[in-house]
Amino acid sequence: MQETLNYIGENKQRFVDELFELLRIPSISADPAYKNDVLKCAEVVAEHLKNAGADNVEVCQTKGYPIVYGEKILNTDLPTVLVYGHYDVQPADPLELWTKPPFEPYIEKTELHPEGAIFARGSADDKGQFFMHLKAFEAMMKTNALPCNVKFILEGEEEVGSVSLGDWVNENKEKLSCDCILISDTHIYSNEQPTVTTGLRGLSYVEVEVEGPNRDLHSGLYGGAVPNPIHVLSRMIANLIDEDGHITIDGFYDNVETVSDSDRADMNKLKDNPEEFKKSIGLNGVEGEKGYTTLERTSIRPTLDCNGIWGGYTGEGAKTVIPSKAFAKISMRLVPYQTPEEITEKFTKYFEKIAPQNVKVKVTPHHGGMPYVLPTDTKEFLAAKQAMESAFGKEVLPYRGGGSIPITAMFEQVLGAKSVLMGFGLDSDAIHSPNEHYGLFNFYKGIESIPLFFENYSK
C-alpha cells in the first residue's frame, strides 16, 4: 500500500490537471441546451476509466443520458465493491455572482482551504469526488495493489433525480452484483474532524399553484375586491410552519424515527460552533424546530422549505397587475420511517384544506426519495472509518447528513448491498451555488483514503 500512496504523491499535479479538463465540460443535465456537452462528458469519463485500467468499459444508453460502466474482476471469489458517482452538474445560474466563469476552473486559497481550493461548477458535486475514485483505482492498478473486484457506474442524471438509473439497475442486476457500494457525494464535518456519513434524509418535492381570477387584472380597477394569488400563496406557505419551527401538516410526524438520548448525545460530540456556522453563511442568527440543536435540525429531523416562488410581472419597469396565478416549489426532507408517498399525500390534503374557498389550488408531485441509514457496527462503516483515520491521522466519527441521495435506498432494495457514504467535501463548498469549490487537501485525502478502504474491506 505504501507504493500506492507514493504513486499518488508523485502524480498529484497530473490528477488535478486531468480534473480541470473534466470541469471545463458544462455537463448540465437540467438544460437541454447542454445535451451535447453531457454526452461528451460521458465519453471523456469512459476514456478516463479505460486509461486507469478498467475492463469492459461501456457508455450505456438509457431513456435519458448515458451511464458509464467499467469493471476490474480479479477473481469471482473476492469481494466486489461497486463505485457510484455522477458526471452531470447543476446549472451555474446566477452567472453574475461567480467571481470567474463557472466552467473555467482555477485554484485559490481560502480561510478554510489554506492549501487552495478548485473553483468550478461540479468541483465538489460530484466530478471532483468521483474522479478521486478513478485516480485511486489507477494508483492501485499501476502498483498491483487492487485487493478485490471493482465495478463503476457513473451516471449523467443525478441532478435531475436519476430518472433513468432505477430502470437500468433493475435491468442489469447480474452485471452490477456486488458486496457493497462506495459513494463519494457527501461531505465531512470539517477537515479537523473527519466523519463518515451514516445517514441521509429522504425527499418529497412538490410544485404548488394557486389560481384566482381567470386572467391578470388591472390592480387599480380590481385591487381590494379580489383575491391576489401571490398574497394567498404567501399566507398558505407561512402557515405550514409554526412559531416553534414545527411543521403543521396533519400527521406529518406520525412515523418519524425517535432517536435515543444516547444517540443524540453521541451526535452532539461533534464540535458544533454556532458562531462559525452563522459566519459561514452570513447570518446573525439561526432558527429551527424548538428543542433541537443545529446539528440535529439538519440531520435527524424532517424539514419543509420553499425553494422558489413566482407569479405576476417580474420584468423591467412596472406593470400594475393582480396575477391570475402564483406558483411555488416546496421540498420536504424526510427521516427514517417517513416515505415520500406518504408525505406527498399528507401535504396535498393539508394544502387543499387550508386554501381559501375563493381560489383553486393544484399540487404537482415531482421526484422523491427514501431516507437511508448505515449502522456503525457494519464492516462497511468500519472499513471506511479505519481508512480515513489512517489518511487523516485523526479519529473519525459517524455523522448523519441532511441531504438526500435517493439511489442509496434503491441500491439496497435491488442489489441487496449497503452503501458507504465516504464523501470528502465540506458543507461550505457552495455546491449548487455560485463559486462552488473543492479543497485540494480534501481531493488528495480522498484519493489516499480510497485504496485503504479497499484494503480494509477486503480483509
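Mentor: The radius of gyration, taken over C-alpha atoms, is 23 Å, which agrees with the value near 23 Å that a compact globule of 459 residues would have, the globule rule being 2.2 Å times the number of residues to the power 0.38. This is a predicted model, in which local features need pLDDT of at least 70 and side-chain atom pairs count only at pLDDT 80 or more, while totals for chains, interfaces and linings use all residues. Residues are numbered from 1 along each chain as its sequence is written, and side-chain values use heavy atoms, with hydrogens and water left out. Along the principal axes, the C-alpha atoms fill a box of roughly 80 × 50 × 45 Å. Among contacts (heavy atoms within 4.5 Å) between residues at least 6 apart in sequence, 79% join residues at least 24 apart.

Turning to the cysteines, if a disulfide is a pair of cysteine sulfur atoms within 2.5 Å, the count comes to zero. Cys148 is accordingly in no disulfide, and the nearest cysteine sulfur, belonging to Cys180, lies 7.8 Å away. With a relative accessibility of 0%, Cys148 counts as buried, a class that means under 20% relative accessible area, whereas exposed means over 50% and partly exposed lies in between (1.4 Å probe, protein chains only). Cys306, by contrast, has a relative accessible area of 36% and is therefore partly exposed. For the protein as a whole, 54% of the 459 residues count as buried.
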